Amino acid sequence: MEMQKKSFFMVPYLAWIALFVVAPMALILYQSLFDITGHFTFSNYTSYLESTTYLKMTFNSIWYAFLITFFTLLISYPTAYLLNRLKNKRLWLLLIILPTWINLLLKTYAFIGLFSQNGSVNDFLRFVGAGSHQILFTDFSFIFVASYIEIPFMILPIFNSLDEINPSLINASRDLGASAWQTFKRVIVPLTMPGVKSGFQAVFIPSLSLFMITRLIGGNRVITLGTAIEEHFLVTQNWGMGSTIGVILIIAMFVVMFLTRERKSKGGQSR
Amino acid sequence: MANPIIEFKNISKKYDDTPVLKKIDFEIESGKFYTLLGPSGSGKTTILRMIAGFEDPTSGEILFEGKRIDLTPANKRPINTIFQDYALFPHLNVSQNIAFGLELKKMSKTDIQAKVAESLRMVQLSGYENREIDALSGGQKQRIAIARAIANEPKVLLLDEPLSALDHKLRKEMQVELRALQQRLGITFIFVTHDQEEALALSDQIFVMNDGRILQSGTPVDIYDEPINHFVADFIGESNIVPGTMTADYLVHFDHKDFECVDAGMRPNEPVEIVIRPEDLDITSADKGKMQVTVDSQLFRGVDYQITGHDADDHEWTINSIHQTTVGAQVGLVFDPEDIHIMRFGEDEETFDARLDSYEE
Ligand SMILES: Nc1ncnc2c1ncn2[C@@H]1O[C@H](COP(=O)(O)OP(=O)(O)OP(=O)(O)O)[C@@H](O)[C@H]1O
Ligand SMILES: [Mg+2]
């Protein structure tokens, strides 16, 4: 009876998974096994592996995703930490989350306005006498905007894990002789690792397949796997190759998920 | 008193203008078991947190071995705390938890290992080194928290209601163990509880607190036998408290009669309160009793009966008796002069002690 009830409630979940997770992935895999003329082949994979352009692109994607995640983390951890010590921390958190409700494209266009030759930033630079600079279409602007957009997704899990720390653990650490810095290193950081890991997943994985920002802000100077997929599907119409890169991306995501999975340190006791 | 290890001098504490501690003064002697006893909100935890260094006094000084310590940060005080929720680090296993303070002291690996093993032996959990904290029972967590604290060899150990989360049986066992541990280690224990039975069983010295003040301090026997006021008498054990007047030294008037007693030093005809513990009252036939009560209820409690009744003035009396009686019957009560304890209204601890000294011995 209990089991039946449980499996009944599982139906919507399983249907969702089947329709929107398994089926698309199976389709992508299927597509990747056909060449542009519709013949079954593994050539997409072999050409991917043999092409330095694709490999470089893959490396680029991973490298930029890493940079974006790194800068996001660098800003988000201290921010989450400080937020947590504020009186109305929930309110402040909400203010940081707020921009995520605005459409991504709108925010991106806003940055074009800010960073362009006649944008506010250059206006300011000219005003202080620093002259005008090419900001748009640089690596800097690409990483800056991508990090800006991803930051809330990093702050939120870190904030939550900080919020969950029992304050008496901090007292206990001080009580046992740890300075504020030692307490941070030995207690706070390890206890917020789960939050950092989920933040890493939430930022790194989407960053792998960024394509709009690469074009609008990065000016297509940075070609990532996301851009390549878009190109193949919309421009060259080589769906097979586009799907192959998609498969590579999916594999990369699983690898990241595996590396950042929740682990119990040692002793083998499960939670 | 020998050199006190901790002294509170005129300590007050306010949270946003709400006074929580009001001019607290006390001295703690090295090597004894102290208990702060008081109802919820009386300020016990606040005192403990000040000794540990998590809270600053609003005014006053705290001395440790004669030197001011209230400006020293918590991590520099030779004092460790056992937290009510144990506060074991969930990301570390048992031995890493115990080694936490030792590693900070840069102790060598082999020394740490030996110390961890020794501490675990003290709390009878040898062999638990590699257990995860999640995989411990409440009682085991309690012991690990104790092991973690004593591994640092503190001079003073603070315990904030450490047994309150345990079931009755385990609680009794841990009481015995704590007391034994304190005597074996010779560390000063400052223990917080609102359980008077626990305080009486464990302590060398008890501080009874209420509303941010220490009302009375003394040995368990002193406090039980000679409570300073109504609050203490009521809080420490069951008691019968009735109003009366002091006819003369060693003679007190209540229930329309004069009774011989052992208290003195009051003004003639001063209004007072009389305390008689239920176990000091015996039941006899109405005509043989020093006073008479009508029995209202009777409760069998295993070792004895708890009998309640009322006297002619409708004051309630509780009697613990091994003899059975009948509800509704009129019975006599007998007691000895030394069973009567007299409390004056509004007497503070200093005058109370001085008065006792003036006629005792
Ligand atoms: N951080 C704080 N801010 C404001 N008031 C506080 C704070 N901490 C404690 N108090 C108040 O101080 C008083 C004493 O608190 P304390 O924790 O010392 O009581 P306690 O005797 O330990 O009580 P319990 O037996 O319930 O633990 C209480 O009225 C409490 O509300
Ligand atoms: Mg408390």
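Modeller: Let's start with the make-up of the shell around ligand 1: 3 nonpolar, 7 polar and 2 charged residues. Here Ala, Val, Leu, Ile, Met, Phe, Trp, Tyr, Cys and Pro count as nonpolar, Asp, Glu, Lys and Arg as charged, and the others, Gly among them, as polar. A quick caution: this is a predicted model, where local features need pLDDT of at least 70 and side-chain atom pairs count only at pLDDT 80 or more, while totals for chains, interfaces and linings use all residues. Residues are numbered from 1 along each chain as its sequence is written, chains are lettered from A and ligands numbered from 1 in the order written, and side-chain values use heavy atoms, leaving out hydrogens and water.

Residues around ligand 1 include Y15(B), P39(B), E161(B) and H194(B), counted if a heavy atom lies within 4 Å. Helix α1 (residues 44–52) of chain B gives the most to this shell, with 3 residues; helices are DSSP runs of H or I, at least four residues, and strands runs of E, at least two, numbered from the N terminus.

Now the polar contacts (N or O pairs within 3.5 Å). Oxygen atoms of ligand 1 lie 2.4 Å from a polar side-chain atom of S40(B), 2.8 Å from a polar backbone atom of G41(B) and 2.8 Å from a polar side-chain atom of K44(B). Taken alone, ligand 1 exposes 640 Å², and the protein buries 57% of that (Shrake-Rupley method, 1.4 Å probe).

E161(B), one of the shell residues, sits in the loop between β7 (156–160) and α5 (168–185) of chain B. Its phi is near 40 degrees, a positive value in a residue other than glycine. Most residues other than glycine have a negative phi. E161(B) is also buried, with a relative accessible area of 11% (buried means under 20%, with a 1.4 Å probe and protein chains only).

How values were computed. Buried means under 20% relative accessible area, exposed over 50%, partly exposed in between (1.4 Å probe, protein chains only). A polar contact is a pair of N or O atoms within 3.5 Å; within protein, one must be able to donate a hydrogen and the other to accept it, and residues adjacent in sequence count only if both atoms are side-chain atoms.
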